[in-house]
Amino acid sequence: MNEEKLNKLRQKVQDLALEYQKKDDFTGWFEKVYSDALEHPQEIPWAKMQPHTCLENWLKTKNISNKKALVIGCGLGDDSEFLAKKGANVTAFDIAPSSIEWCKKRFNDSSVNYLVADLLKLDDSWKNSFDLIFESRTIQALPTSIRREVIEAIATLLKPKGTLLVVTRLRDTEDTPDGPPWPVSDGELSQFHEYGYEEITRIPYSDPNNLSIKQALIEYQRKRL
Ligand SMILES: C[S@@+](CC[C@H](N)C(=O)[O-])C[C@H]1O[C@@H](n2cnc3c(N)ncnc32)[C@H](O)[C@@H]1O
């Protein structure tokens, strides 16, 4: 897609998100984006239709066979499928029913357990139960006013010694950013320490379509509950 079309699409989706936000609905717009797209991925600004490069690179040196993995806000399923292909037992969820329906159609013989679920309302039985969690661009898609709840919801899902991978835009100050997306700050990320997480590595990532945006894959290990 050319840059001009992509910018128009991003603007349309931003307007939609802000319209919902005015009604204190932070997540309703995702379903509208997926259902309006009518299975045309080019209508979804974040759809890559391939696993994230950061995840592919990270997995080059890792063995995740039989790990219990979770993909948060799985979108159209490419990252979930990649983890499953590498041998993990994957559960993947998204708040938008149309995205999950789409994943099931795209990957109809998949081993991934695709579910509609809200990160902020997960069953308590999921807590402390995953070996590997992959979250790509979901924290940044939710406003900073609910960031503490979002990070807490993610942080409490991992087993001790488990690995969390966060792919996100980053901002350099603690000022409130414009969005969506709302890049994540170091102050916000430090909340993971409250749940026993240690940052293992931070690998910068540059989107070939937008080199000026600061992004990274951050790998955490949960040292304790
Ligand atoms: C920017 S998209 C990223 C999708 C995918 N992770 C990727 O990187 O391609 C954010 C995704 O998070 C999902 N999402 C947003 N809020 C959520 C919530 N509270 N619970 C579950 N999924 C959520 C959206 O529906 C959307 O699919």
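Throughout this report, Ala, Val, Leu, Ile, Met, Phe, Trp, Tyr, Cys and Pro count as nonpolar, Asp, Glu, Lys and Arg as charged, and the others, Gly among them, as polar. By that scheme, the shell around the ligand divides into 8 nonpolar, 5 polar and 4 charged residues.

A word on the ground rules. The model is predicted, so local features need pLDDT of at least 70 and side-chain atom pairs count only at pLDDT 80 or more, while totals for chains, interfaces and linings use all residues. Residues are numbered from 1 along each chain as its sequence is written, and side-chain values use heavy atoms, with hydrogens and water left out.

**The ligand site**

The ligand is surrounded by 17 residues, and the closest are Tyr34, Gly73, Asp94, Asp118 and Ser136; a residue is near the ligand if one of its heavy atoms lies within 4 Å of it. Helix α2 (28-37) and strand β2 (89-94) each supply at least two residues of this shell. Helices (H or I, at least four residues) and strands (E, at least two) are DSSP runs, numbered from the N terminus.

| Residue | Protein side | Ligand atom | Distance |
|---|---|---|---|
| Glycine 73 | backbone N or O | nitrogen | 2.7 Å |
| Arginine 137 | polar side-chain atom | oxygen | 2.9 Å |
| Threonine 138 | side-chain N or O | oxygen | 3.4 Å |

Of the 590 Å² of accessible area that the ligand has on its own, the protein covers 96%; accessible areas come from the Shrake-Rupley method with a 1.4 Å probe.

**The nonpolar cores**

In soluble globular proteins, nonpolar side chains tend to be buried together. Here a nonpolar core is a set of buried Ala, Val, Leu, Ile, Met, Phe, Trp, Tyr and Cys residues joined through side-chain atoms within 4.5 Å. Buried means under 20% relative accessible area, exposed over 50%, and partly exposed in between (1.4 Å probe, protein chains only). The largest core has 44 residues, of which Leu119, Leu157, Leu164 and Phe192 touch the most other members. Among the elements that give two or more residues to this core are α1 (3-22), β4 (130-136) and β5 (158-169). A second, separate core of 25 residues includes Trp58, Leu59, Ala69 and Phe107.

Leucine 164 is in contact (heavy atoms within 4.5 Å) with Ile133, Ile154, Leu158, Phe192, Tyr197, Ile218, Glu219 and Tyr220, leaving aside its neighbours within four places in sequence.

**Helix α4 and its surroundings**

Helix α4 (residues 78-85) is largely enclosed by the rest of the structure, because 7 of its 8 residues are buried. Those buried are Asp78, Asp79, Ser80, Glu81, Phe82, Leu83 and Ala84. They pack against α3, β1, β2, α5 (97-106), β3 (113-116) and β4. Just after α4, glycine 87 takes a positive phi of about 105 degrees.

Glutamate 56 sits in α3 (residues 53-59) and counts as partly exposed, at 29% relative accessibility.

**A look at strand β7**

Isoleucine 213 lies in β7. Is isoleucine 213 buried or exposed? Isoleucine 213 is buried, with a relative accessible area of 17%. Isoleucine 213 touches Arg169 and Tyr205, not counting residues up to four places away in sequence. Its C-alpha atom is separated by 7.1 Å from that of arginine 169, 44 residues apart along the chain.

Key:
A polar contact is a pair of N or O atoms within 3.5 Å; within protein, one must be able to donate a hydrogen and the other to accept it, and residues adjacent in sequence count only if both atoms are side-chain atoms.
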